[in-house]
Amino acid sequence: QVQLVESGGGLVQAGGSLRLSCAASGRSFSSNAMAWYRQSPGKQRELVAVIGSGGTTTYADSVKGRFTISRDNAKNTVYLQMNSLKPEDTAVYLCHARAGLLYWGQGTQVTVSS
């Protein structure tokens, strides 16, 4: 059974940092792009960052310069380092991978207080 399990969310003050992790199991995603999305109540799911199999990265304009996506293929894990957090970053952050099928994690809550 393929699973994506996120961790690292929590409550942080504005200006603070968090590092999210997404550990994959059941198959390797080293040859696939992986991504982080986020969803807030009443809003559409938003693509935050993508990392290709070769390490190429893409970011939403709202997080450029503050967030960094990375991956460790040996650990089958993708990370999202989030710095200079703002209250508008508050959301459930979800890990995503596409390998024929679409895979989603259950999400981890990030809450940024002002």
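Student: What joins E9 to strand E10 (residues 101–104), and in which sense do the two run?
Tutor: Four bridges join them, and the strands run antiparallel. DSSP must find at least two bridges between two strands for them to pair. Strands (E, at least two residues) are DSSP runs numbered from the N terminus. In E10, Leu 101 is the bridge partner of Ala 99. This is a predicted model, in which local features need pLDDT of at least 70, side-chain atom pairs count only at pLDDT 80 or more, and totals for chains, interfaces and linings use all residues. Residues are numbered from 1 along each chain as its sequence is written, and side-chain values use heavy atoms, with hydrogens and water left out.

Student: Why is strand E9 (residues 91–99) largely enclosed by the rest of the structure?
Tutor: Seven of its nine residues are buried, so the strand is largely enclosed. Buried means under 20% relative accessible area, exposed over 50%, partly exposed in between (1.4 Å probe, protein chains only).

Student: Why is the pair of Phe 29 and Tyr 103 called edge-to-face?
Tutor: Rings of Phe, Tyr and Trp (its six-membered ring) pair if their centres lie within 6.5 Å; planes under 30 degrees apart count as stacked, over 60 as edge-to-face and the rest as tilted. Here the centres are 5.5 Å apart and the planes at 75 degrees, so the pair is edge-to-face.

Student: Why does Tyr 103 count as buried?
Tutor: Tyr 103 has 16% relative accessibility, so it counts as buried.

Student: What makes Trp 104 partly exposed?
Tutor: Its relative accessibility is 33%, so Trp 104 counts as partly exposed.
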